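Reader: I have a model open and want to go through its architecture. Can we take sheets, then pockets, then helix packing?

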Amino acid sequence: MTNSATAAPAGAFSRNPTNGEWVKQYPFATPAEVDAALQGTRDAFDAWKNSAMSDRVALLRNIAQGLRNNARALGEMMTLEMGKPITQALAEVEKSAKLCEWYADQGPAMLAPEPTLVENDKAWVNYLPLGPVLSVMPWNFPIWQVLRGAIPILLAGNSYLLKPAPNVMGCAYLLRDVVTEAGCPKGLFNVYNADNAAVAESIKDDRIAAITLTGSVRAGAAIAAMAGAALKKCVMELGGSDAFIVLADADIDAAVQGAIAGRFMNNGQICISAKRIIVEESVMAEFTEKFVAAVKALKIGDPRDESTYLGPMARFDLRDELDGQVKATLAEGATLLLGGEPISGEGNYYAPTVLGNVKPGMTSFKQELFGPVASLIVAKDAAEAVSMANDSEFGLGGSLWSRDLDAAKALAKQIYTGGMFINAPSFSDPRVPIGGVKKSGFGRELSHFGIREFTNPQTLWVEG
């Protein structure tokens, strides 16, 4: 398909956000195809759960090599389907390869039998495979987001069934091919193009043991309710509106660069990122001047160009939603410092935007803005900054900038989020857990917390 009509074709589809053209249609799976995917994933688990740890580790290393061998194809597919700048897409593939290698090195020890406090070594905890895991994934990191869940799930002895976002089906199928070519047994890393009704039936199906989702609060609430009704374990990583706090003693130049990366990387479409930039009053003028200048300097353009920092937003409907949120915030009294509107033309570009004088209760303070828009909020002191950070229904991550590390660490513990980063923007790393509180979800991915989420911690008590 090469027409640029605004109406979407039936089923899942890819649309190039750089020019608006439909790329490819992917019909939804038939009931028979859904059943085959569920059965294939179950059959693969029944074999894989008894596999040697050495075989699982070898698979992870092979996947890492396969990712590197196919990095250009994977990166170009991300750029085509969701507009990720190519340099960031290639970095995502490399980060995913390093994830595989890290779990290959560290994961077996995390799954080894763990001693308890019972005397004389009579009791241990075995971390056993739980079963086939259904994974409902978003489009913003179509390789990293999938593999950061899938790799520890596979290493733990489970199988994995991916339901991708409809607009990145090409990425999902290409990733499946790379994993298969790396030696993954048939059905172990499975992909199906299920509609909402089929996902609901899959959650209830006895062949699925657990569910993981990264997505919106609405989707998370719906799927968590279904998982609960089916009495199945689930992990939910949902929306975020992270506070990025700049205290009066911060290195302002470093904070500005951190805020640029934290807000505008991936075209501003990251759950755990700097969405509410809260700055102490005494340094707000300096921060604002330098930040707006830095945003103005960002290169917007064709995401295939390696010098491009900001490409198009991934979905046209989300650009419309973002524009509505910006306009609502301005109507509520915020000040437009830069941007504030879609960029004209056939692509799905939105001008990098900075909103000043944002206050609690305004739209961009209350809601998650998923795109290249930054909200600047003034706080009279550190205590008010912490109070503003906590004044949110979300609790995914956050960032705090200060030269006084002891004071910053103490303040960080007062902020109710799943993660806090001092003098660094929020990010994900396999060595530490990621996840949220409040409406940002529950459960954890990555580190030993993530790999154990989808295991059965079996107590083994031995007398004699």
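Reader: What is the strand order in the open sheet of 7 strands?
Author: The order is S12-S13-S14-S11-S10-S16-S17, and the pairing is mixed. Strands pair if DSSP finds at least two bridges between them; helices (H or I, at least four residues) and strands (E, at least two) are DSSP runs, numbered from the N terminus.

Reader: Which strands stand at the edges?
Author: Strand S12 (335–338) and strand S17 (421–422), each with a single partner strand, so one side of each has no neighbour in the sheet.

Reader: What packs on that sheet?
Author: Helix H10 (residues 281–296) does, touching S10, strand S11 (274–280), S12, strand S13 (353–356) and strand S14 (373–379). The direction of H10 makes about 140° with that of S11. Contact here means heavy atoms within 4.5 Å. Axes are lines fitted to C-alpha atoms, for helices over the stretch in contact, and angles run from 0 to 180 degrees between N-to-C directions.

Reader: Before going on, what kind of model is this?
Author: A predicted one: local features need pLDDT of at least 70, side-chain atom pairs count only at pLDDT 80 or more, and totals for chains, interfaces and linings use all residues. Residues are numbered from 1 along each chain as its sequence is written, and side-chain values use heavy atoms, with hydrogens and water left out.

Reader: Back to the strands. In which sense do S10 and S16 pair?
Author: Strand S10 (residues 242–246) and strand S16 (residues 398–401) are parallel, over 4 bridges. Ile 245 is opposite Leu 400 in S16.

Reader: And the sheet of 3 strands, what is its order?
Author: S3-S4-S20, open, with antiparallel pairing. Strand S3 (114–115) and strand S20 (455–461) are its edge strands, each pairing on one side only. S3 is joined to strand S4 (residues 123–129) by 2 bridges, and Glu 114 faces Val 125 in S4.

Reader: How many residues lie between S1 and S2 in their hairpin?
Author: There are 6, and Gly 20 in the turn has a positive phi of about 85°. The two strands pair in the antiparallel sense over 4 bridges, with Trp 22 in S2 as the bridge partner of Arg 15.

Reader: What is the volume of the second largest pocket?
Author: About 460 Å³. Of the 25 residues lining the second largest pocket, those closest to its centre are Lys 95, Phe 141, Met 265, Ile 270 and Phe 427. H4 gives the most to this lining, with 4 residues.

Reader: Last topic: at what angle do H2 and H5 pack?
Author: Helix H2 (residues 53–69) and H5 pack at about 155°, with axes 9 Å apart. H2 and H5 are therefore roughly antiparallel, a label for angles over 145 degrees.

Reader: Which residues of H5 meet H2?
Author: Leu 147, Ile 151, Leu 154 and Leu 155 in H5 do; the H2 side includes Val 57 and Leu 60.

Note on methods: 1 Å grid on protein atoms, 1.4 Å probe; cavity = no way out; pocket = protein on both sides within 12 Å on 5 of 7 lines; lining within 4 Å. Points joined across faces, edges and corners; volume = space filled by probe spheres on them. Parallel < 35°, antiparallel > 145°, perpendicular 65-115°, else oblique.
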